[in-house]
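Student: I should like to examine one part of this structure closely. Please take a single residue as the starting point and then place it in its wider setting.

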Amino acid sequence: METLLQQVINGLSLGSVYALIAVGYSLVYSILLFSNFAHGGFLVIGGYICYYTLAAVGNNIWIASLLALLGAGVSAVLVERVAYKPIRERTNVTLYLLIASMGMSIVIENIFVVTVGGRFRALPPVIPTNPVNVFGLATTSAFDILSLMMAIFFLSGLQLFLSKTKWGLAIRAASYDLRTAGLMGVNVNQLISIVFFVAGLLAAVGGIFLSVRYTLYPQLGLITIKAFVAAVIGGLGSLPGAVVGSLILGLAEMLTAGFISSQMRDIVVFGMLVLTLLWRPTGLFGKHVAEKV
Amino acid sequence: MSGYLEGIIILICINSIAAMGVSLLTGFTGIFTLGHAGYMAIGAYTAAILTVRHHVPWLVAVLAAGTLAMVIAYLIGVPTLKLMGDYFAIASIGLGETIRLILENWQSFTRGARGFPGIANYTTLPVAAAFFLGMLILMRFLINGNYGRAFKACRDDFVAASLLGFKTAHYRVLSLAISGFYCGIAGGLMAGFLTYLQPIMFDMQKSTELTAVVVFGGLGSLSGSIIGTAVLGIVTEVFRPISQYRMLIYGAIMVIIMVARPEGIMGQHEIGPKLLRSLFSRKTVNEVDGTHG
């Protein structure tokens, strides 16, 4: 019983980190309708900025994470400007964007391999990881509770941004129909930049927590595959779907690791993806898009 | 001919066979995949286990490798090809990774991550070239025949094709099965070329590469896929001395091609008298919509 509760908390904490990544990915998908495979790169950029700022300013996590968030957001905007904008202005074939994003993800990963090397780096102990007792029922690490709380904080922030601000309204309009939103006077290029900035920023939050959990290395971005899987389980382009899918995935992964075997966890993740899609081909919350004749 | 050069040519022949398979699925049927390294892995391990443990002649083993990959592709295709666009792309990542993870964890059968050594070196240059030519001729017959027209109809307009009486679901599954066969054969030849297998050789990077060369070459162009494979194979070898930067350049090339010439090297053209004629008459070429087949 205690192990179960512990694994549930761990699962929710891992799932909430996936949610931060999956929501950004889903947000980009809802506007531009392509899978941005470079999304994992933003997470790694955030992680490395955090690591080097911590080394430079003497373990001040607030300055380091602020810089990491901004840096990842700005690089996401730059990636969009350099690689995606010329393509989306020329054609509406999303496949080209997808291939370009794969190229971009390889580029970002290998910029780090070339400049700082491929070795694993541990962040200095700026985030507490000491054990915490949860209502006398289970013991878990303070880190898990903290990452869960931070995820809730950032996701509610995003929700407020999308529902209360003018730009949020524009983003919601664009997710219905980008072209029409443009015709209604929304500055589409600026809107896409804002969306990428937000996506990069959320990925960096996930990146910092993941680099504390698994240490930091250039291929850490590959973990976003799981966030993509979560977003697809939830329904591509649906933000609540991305959150629910991430939590389900985090729980499934931790429960498998705890009760079956940790080698099976990836098989379970991908198996769940396939089974969910067989049951509901557009994910749990996905819009069913009817073919236009 | 030096052994080094021979090796490169054999590798390009093998990769071209796999690329032809992906070209059929992505270029001609409009189904985007990111998991075809999985079928190569099935082929490679089938050929390896049959020749090493059961002393089956290598030619039979390679054909069995292709057949098994085809059967598995068919069984996977029947339920999953109901998924459209990016949903199938993400599901195919999941399926490809699942195949790799199963091979990695089924220690008693595949020796897992330690690798499978001691395969006879049966893939010599004449063997690879003969397979390449044979498979190329088969594929040309296929795409220029009735089946090829049905595949292209599914790609160009899914709804219209079904209204014209094409069993689109049937053709999509068939296309996946045949592409699985090609990748299985390529995998079987790969086993006889490398004489040593590891599941990690068939990871997502390999799948991405297969799809990338097809897009490089031009979606809907068989000769383009082969040129794409050859160009990538040669570029990889040229940059081997600066191996650190190799992947960085590879990723950058992917982005640059998509930005500069998204329709790929060949567009939808094939090498032949038709190409020359169309070059002189300067007809405009329609773009291929590969994602939402």
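Leaving aside its neighbours within four places in sequence, with which residues is B:Ile265 in contact?

Tutor: Some conventions come first. Residues are numbered from 1 along each chain as its sequence is written, while chains are lettered from A and ligands numbered from 1 in the order in which they are written. This is a predicted model, in which local features need pLDDT of at least 70 and side-chain atom pairs count only at pLDDT 80 or more, whereas totals for chains, interfaces and linings use all residues.

Beyond its neighbours within four places in sequence, B:Ile265 is in contact with B:Phe216, B:Gly217, B:Gly218, B:Gly224, B:Ile227 and B:Gly228. Contact here requires that the C-beta atoms of two residues, placed from the backbone, lie within 7 Å. B:Ile265 itself sits in the loop between α12 (243-260) and α13 (273-281) of chain B. Helices (H or I, at least four residues) and strands (E, at least two) are DSSP runs, numbered from the N terminus. B:Ile265 counts as partly exposed because it has 18 C-beta neighbours inside 10 Å. The term buried applies when 20 or more other C-beta atoms lie within 10 Å of a residue's own, exposed when there are 12 or fewer, and partly exposed in between, with C-beta atoms placed from the backbone.

The chain around this residue is helical, with 13 helices and 0 strands. Of the 293 residues in chain B, 54% are buried. Among contacts in chain B with a separation of 6 or more, 81% join residues 24 or more positions apart. The C-alpha trace of chain B spans about 55 × 45 × 30 Å along its principal axes. Its radius of gyration is 19 Å, which agrees with the value near 19 Å that a compact globule of 293 residues would have. That radius is taken over C-alpha atoms, and the globule rule is 2.2 Å times the number of residues to the power 0.38.

Another isoleucine of chain B, B:Ile14, belongs to the largest nonpolar core, which holds 194 residues. Such a core is a set of buried Ala, Val, Leu, Ile, Met, Phe, Trp, Tyr and Cys residues joined through C-beta atoms within 7 Å. Together with A:Ala100 and B:Ile17, B:Ile14 touches the most other members. The helix that gives the most to this core is α1 (residues 2-32) of chain A, with 16 residues. With neighbours within four places in sequence set aside, the contacts of B:Ile14 are B:Ala128, B:Ala186, B:Leu189, B:Met190 and B:Phe193.

The two chains also meet directly: 37 residues of chain A are in contact with 39 residues of chain B. On the chain A side, two or more residues come from each of α3 (61-90), α4 (94-115), α9 (224-234) and α11 (265-279). Of these elements, α4(A) gives the largest share, 13 residues.

Chain A comes to 11 helices and 2 strands, and 53% of its 293 residues are buried. Helix α8 (residues 188-214) of chain A has 27 residues and should span 39 Å at 1.5 Å a residue; its end C-alpha atoms are 38 Å apart, which agrees. The expected span is 1.5 Å times one less than the number of residues. Of the 27 residues of α8(A), 19 are buried.

Backbone angles complete the picture. Most residues other than glycine have a negative phi. A:Thr215, which follows α8(A), has a positive phi near 65°. A:Leu33, in the loop between α1 and α2 (39-57) of chain A, has a positive phi near 60°. With 19 C-beta neighbours inside 10 Å, A:Leu33 counts as partly exposed. In chain B, B:His55 has a positive phi of about 50° and lies in the loop between α2 (37-53) and α3 (58-80). B:His55 counts as exposed because it has 8 C-beta neighbours inside 10 Å.
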